[in-house]
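Subject: Structure handover and notes

Hello,

Here is the structure we spoke about. Please look it over, then read the notes below.

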Protein chains: 2
Amino acid sequence: MRKGKGAATLSIPAAGGEGTLDAQSASTTTPVLALERWLARKLLELSGHPRVSIVLWNGEEVPGAAAPLARMHIRDRDALYRLIRHPYLHFGDLYSVGRIEIEGDLVQFLETAYRGFDSARDTWFTQLQHLLNRPRANTPADSRENIHHHYDLGNEEFYELWLDREAMQYTCAYFPDPGMTLEDAQRAKMDHVCRKLRLKPGDRVAEAGCGWGGLARHMARYYGATVRAYNISHEQVAYARGQAAAQGLAGRVEYVEDDYRNIDGEYDVFVSVGMLEHVGRDHYRTLGAVADRCLTEAGRGLIHSIGRDQAERMVAWIEQRIFPGAYPPTLREMMEIFEPNGFSVLDVENLRLHYAKTLEHWLARFDLHAEEIERIFDGAFVRAWRLYLAGSQAGFLAGTLQLFQIVFTRGTNNDLPWSREYLYR
Amino acid sequence: MRKGKGAATLSIPAAGGEGTLDAQSASTTTPVLALERWLARKLLELSGHPRVSIVLWNGEEVPGAAAPLARMHIRDRDALYRLIRHPYLHFGDLYSVGRIEIEGDLVQFLETAYRGFDSARDTWFTQLQHLLNRPRANTPADSRENIHHHYDLGNEEFYELWLDREAMQYTCAYFPDPGMTLEDAQRAKMDHVCRKLRLKPGDRVAEAGCGWGGLARHMARYYGATVRAYNISHEQVAYARGQAAAQGLAGRVEYVEDDYRNIDGEYDVFVSVGMLEHVGRDHYRTLGAVADRCLTEAGRGLIHSIGRDQAERMVAWIEQRIFPGAYPPTLREMMEIFEPNGFSVLDVENLRLHYAKTLEHWLARFDLHAEEIERIFDGAFVRAWRLYLAGSQAGFLAGTLQLFQIVFTRGTNNDLPWSREYLYR
């Protein structure tokens, strides 16, 4: 799908063995059968009555709850049947190729849809989804492939267009004041993390999954720490090294192109921001064992991850098209990192609305650059990414996604602050 | 054991069907066999080499790790065998009747013992303990009996001697400054809880397990809330009502002598401080369902409880002699309150060292009044309670016990503060 380099990110054809999904032209002359009208009503009903109406391909409107926030246009008959067969997967694909369109605000549409789905939990929708596919395991080789899929996407040329300009943080920012700029909020996030870790000059830090390396540079530059940061994305590591060299930090920040499971050495601090979602449920204990292996007796750790209030698979479309292998864990599941490895949880903060705000900024910037992105990739790519960003924002607004920051230390360590007041000075 | 009212709290004879444990006189003339010397060494070794030496009944010292912090005197042969058979239960009983004595600081002795036990996890000690007894279930009738066992112990005449004088808080205080008085720290705890709940005038509060009612009165008096507080201890409820009437709060605080499972009505806030430890593992989901039943859409909740980093039974002696039915849960186990009931965890704070500090104050005041308490009860009671308070302090210092404060709300509620800075103004 990508014009140029050839590393396609969005492979719509593959799913479910249902053949290629193309931008079938709208079929306004195909009649709507009574069965199809009934199916459209049923779709709304079984989705928990979101504030949405459906407009079918002949222009006929199937009303939803009173005062709809948006209209969903289904442009052809096949699209309706696909949507019913596997809504969580096909909605995204059909939207991407323009066979489903949303009239009204996309984020509001998705938020009401998520709240509806949530209230309709345990209906056939959810059950169907669980039956239809299994998550991918994450062996080191898989991890490499999954990460390559997402992050090696033309690297900074694409992500620089809509992430914060200073630190290229592709994780939740922190908005103590919701009116802050994205750049200020990403800096505030990094400072919040560093303060929670009580980072001080000379501290040795291991970072598991470092993205484009912004946090590692921030820790070295403003806190005097020495950081060894691990990442399996070749392009991200190359970018991070370039930045560190340009900022004169090469001696204090080392980027290692390797899996977090291979972190070695002794550290005062273990930090991982936005990696756990990609680690896979079976590996939480291993992640904790890595922290246990490399932390000193009074070492401090922080895990920052998207999460859930209740265990649930990632939406199939996100999992298959955007983030293969991704899974946002519940707090209960995350305890597998700490409990078996003798760690004590000191502090958990839920920053759900901060991620919604972060995504609002990303989406606005993405839309500003939509034409440029369409020139690099194509229209379907732009629509798919817009849906992904809007859907994530809606998920955080509707409470189907959470963002947890967890501070931990060894259970035997008594070097603890007496209050969290120091975080807010 | 209690002189006077007759409601004995400490029933040493019952345990393990091993007959009455009495204050057998020390037998300095009984020779120490080679086997017994070996058993004493083994005891230290299998306890994870705490910094303790053992002095046997003939005065012979079995050295432990270098630089012992304390000496444990075993006054007769039978005491040694009992200690080996069931250390977690019999140590407390033997200490209470004076057949084991500690030379040196009791808290330091217990802390090094706990740290040793912790490192020797999965040896026969732990396994033996798990084999030997099962925890009690908590039906409403059991709960009543368990609570009566502990809290109806002569009521304020006893507890007023060593709890804070203002609010009679028999739960962890909050010491943002570790040099605070106990009274200041208990007030700070109540304010910390009220701030976390964003309590405001007119809020309706349900409190599950209210002790002597101090928090409920604090919420009404300083925050303008209307509180309905539940407790199954008849004597505590009577005391709480008397205090509320005396402070002119009777119209705004209602104390209900009933089980938390019977809370009814609609509330803006659900709070439970120090009850979960007594609720029993099988009832967490029910507790969450009660909160779900009575909270409004934007309702806020807080659970404050002793906890653990890893699932483990309460020490047998505490469970059988002091707190029948008590169980401190892990965070993972506590999630059973929230996950099945659609709640979202917003904030978790671990106040472990604050409970150690609270117990340090309690123990110091208890010791100041030891003679008075001995006149009401007897010497064994004083020794048992000293051990219980010192052992709890040691447990929080050694990290075998935690204190979790958890703030929650419905997963759909977006009325959330943007930072926790308001807690620290």
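Predicted model: local features only at pLDDT ≥ 70, side-chain atom pairs only at ≥ 80, totals over all residues.

**A:P31**

Is A:P31 buried or exposed? A:P31 has 10 C-beta neighbours inside 10 Å, so A:P31 counts as exposed. A:P31 sits in the segment before α1 (34–46) of chain A. A:W57 comes 26 residues away from A:P31 in sequence. In space, their C-alpha atoms are 8.4 Å apart.

**The two copies**

The same surface serves both: 100% of the contact residues of chain B recur in chain A.

**The contact between the chains**

How many residues does each chain bring to the contact? Chain A gives 32 residues, and chain B gives 32 residues. On the chain B side, the elements that give two or more residues are α13 (331–338) and β10 (343–350). β10(B) gives the most, with eight residues. By residue type, the chain B side divides into 14 nonpolar, ten polar and eight charged.

The β10 strands also pair across the contact. Strand β10 (residues 343–350) of chain A and β10(B) run antiparallel, with three bridges. A:E349 stands opposite B:D347 there.

**Around β10 and β11 of chain B**

β10(B) and β11(B) pair in the antiparallel sense, over seven bridges. β11(B) also pairs with β9(B), again antiparallel, over eight bridges. In that pairing, the bridge partner of B:R300 is B:T409 in β11(B). Nine of the nine residues of β11(B) are buried, so this strand is largely enclosed by the rest of the structure.

Next, α13(B). This helix is mostly covered, with six of its eight residues buried. The buried residues are B:L331, B:R332, B:M334, B:M335, B:I337 and B:F338. What do they pack against? In chain A, they pack against α13 (331–338) and β10. In chain B, they pack against α11 (284–294), β9 (295–307), β10 and β11 (402–410).

**The nonpolar core**

In soluble globular proteins, nonpolar side chains tend to be buried together. Here, the largest nonpolar core has 254 residues. Which members touch the most others? They are A:I74, A:M219, A:I406, B:I74, B:M219 and B:I406. Take B:I406 as a case. Leaving aside residues up to four places away in sequence, B:I406 touches B:L302, B:I303, B:M334, B:V345 and B:V348. One of these, B:M334, is among the buried residues of α13(B).

**A four-stranded sheet in chain A**

Chain A has an open sheet of four strands, in the order β2-β1-β3-β4. The pairing is mixed. Which strands are at the edges? They are β2 (61–62) and β4 (100–104), each of which pairs on one side only. Strand β3 (residues 70–74) of chain A runs antiparallel to β4(A), and five bridges join them. A:H73 has A:E101 in β4(A) as its bridge partner.

**A parallel pair in chain B**

Strand β5 (residues 204–208) of chain B pairs with strand β6 (residues 226–231) of chain B. The sense is parallel, over five bridges. B:A208 has B:Y230 in β6(B) as its bridge partner. Four of the five residues of β5(B) are buried, so β5(B) is largely enclosed by the rest of the structure.

**Helix α16 of chain A**

Helix α16 of chain A covers residues 379–398. Just after α16(A), A:G399 takes a positive phi of about 80°.

Best wishes

How values were computed: Residues numbered from 1 in each chain as written. Chains lettered and ligands numbered in written order. Buried ≥ 20, exposed ≤ 12 C-beta atoms within 10 Å, placed from the backbone. Contact = placed C-beta atoms within 7 Å. Nonpolar A, V, L, I, M, F, W, Y, C, P; charged D, E, K, R; others polar. Pairing = 2+ DSSP bridges. Expected span 1.5 Å × (residues − 1). Core = buried A, V, L, I, M, F, W, Y, C linked by C-beta atoms within 7 Å.
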